[in-house]
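Please read it alongside the sequence and the model.

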Amino acid sequence: MSDRPELASAVESFLEHLAPRRSPNTLRSYRVDLLQLIQVGEGAWPLAPDDVRAYLRKVGGTSKTRARKLSALRSFVRYAIRLGWLETDPTAGIEAPIRRQSLPAVLTQDQAAAIFTSPGPITDP
């Protein structure tokens with residue numbers, strides 16, 4: 001395994017690596033998410049699956065937010081593995097939260113009837 005930098009330095013290296021490939025908003029979100037990881041885990045490194053779960057429980061918020069944080073962390077972990085800073089993926093057994101999707105609004109019977117009784121488009125023969 002390569003010499004592993006401090007977690008904060010590893011995060012900065014990862015963000016610099018992403019800079020040419022990601023939008024400023026994505027980089028800002030990843031930075032916030034990964035800095036929260038450092039705070040919650042008190043800079044513990046290497047990461048363990050329990051560290052990841054604790055992080056997501058503590059700062060997760062909504063399921064959409066937890067999914068984004070997990071995505072940022074997975075990207076960082078892939079980078080760290082590629083550079084030899086991690087041997088295993090602590091996010092591997094963690095499933096992304098289920099995002100509930102609402103059903104589309106439906107027409108009332110009167111609205112549906114109005115569509116069928118309205119004149120259609122005028123076409124030239």
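Asp-33 is buried, with a relative accessible area of 0%. The model is a predicted one, and in it Asp-33 belongs to helix H2, which spans residues 24-40. Apart from neighbours within four places in sequence, the contacts of Asp-33 are Tyr-55, Arg-68, Lys-69 and Ala-72.

Helix H1 covers residues 7-18 and helix H4 covers residues 63-82. Two packed helices are described by the angle between their axes and the distance between the axes. For H1 and H4, the angle is about 100° and the axes are 10 Å apart. Angles of 65 to 115 degrees count as roughly perpendicular, and H1 and H4 are therefore roughly perpendicular to each other.

By class, the contact of H1 with H4 comprises seven nonpolar, three polar and one charged residues.

Which aromatic residues are linked into a cluster by ring pairs? They are Phe-14, Tyr-30, Trp-45, Phe-76, Tyr-79 and Trp-85. Five aromatic pairs are found in a search of the whole structure. Two of the pairs, both with Tyr-79, are set out here.

| Pair | Centre to centre | Angle between planes | Type |
|---|---|---|---|
| Phe-14 and Tyr-79 | 5.4 Å | 50° | tilted |
| Tyr-79 and Trp-85 | 5.7 Å | 85° | edge-to-face |

Phe-14 lies in helix H1 and Tyr-79 in helix H4, so their pair ties together parts that are 65 residues apart in sequence. The pair of Tyr-79 and Trp-85 is edge-to-face because the planes of the two rings are at 85°, and angles over 60 degrees count as such.

Are the residues of these two pairs buried or exposed? Phe-14 and Tyr-79 are buried. For Tyr-79 the relative accessible area is 7%. Trp-85 is buried as well, with a relative accessible area of 10%.

Gly-84 sits in the loop between H4 and helix H5 (109-117). Its relative accessibility is 19%. The cut-off for buried is under 20%, so Gly-84 counts as buried. Gly-84 and Arg-4 are 80 residues apart along the chain, and their C-alpha atoms are separated by 7.9 Å.

Note on methods:
Residues numbered from 1 in each chain as written. Predicted model: local features only at pLDDT ≥ 70, side-chain atom pairs only at ≥ 80, totals over all residues. Heavy atoms only, no water. Axes fitted to C-alpha atoms, helices over the stretch in contact; angles between N-to-C directions. Helix = DSSP H or I, 4+ residues; strand = E, 2+ residues; numbered from the N terminus. Parallel < 35°, antiparallel > 145°, perpendicular 65-115°, else oblique. Nonpolar A, V, L, I, M, F, W, Y, C, P; charged D, E, K, R; others polar. Phe/Tyr/Trp six-rings, centres within 6.5 Å; stacked < 30°, edge-to-face > 60°. Buried < 20%, exposed > 50% of the residue type's maximum accessible area, 1.4 Å probe, protein only. Contact = heavy atoms within 4.5 Å.
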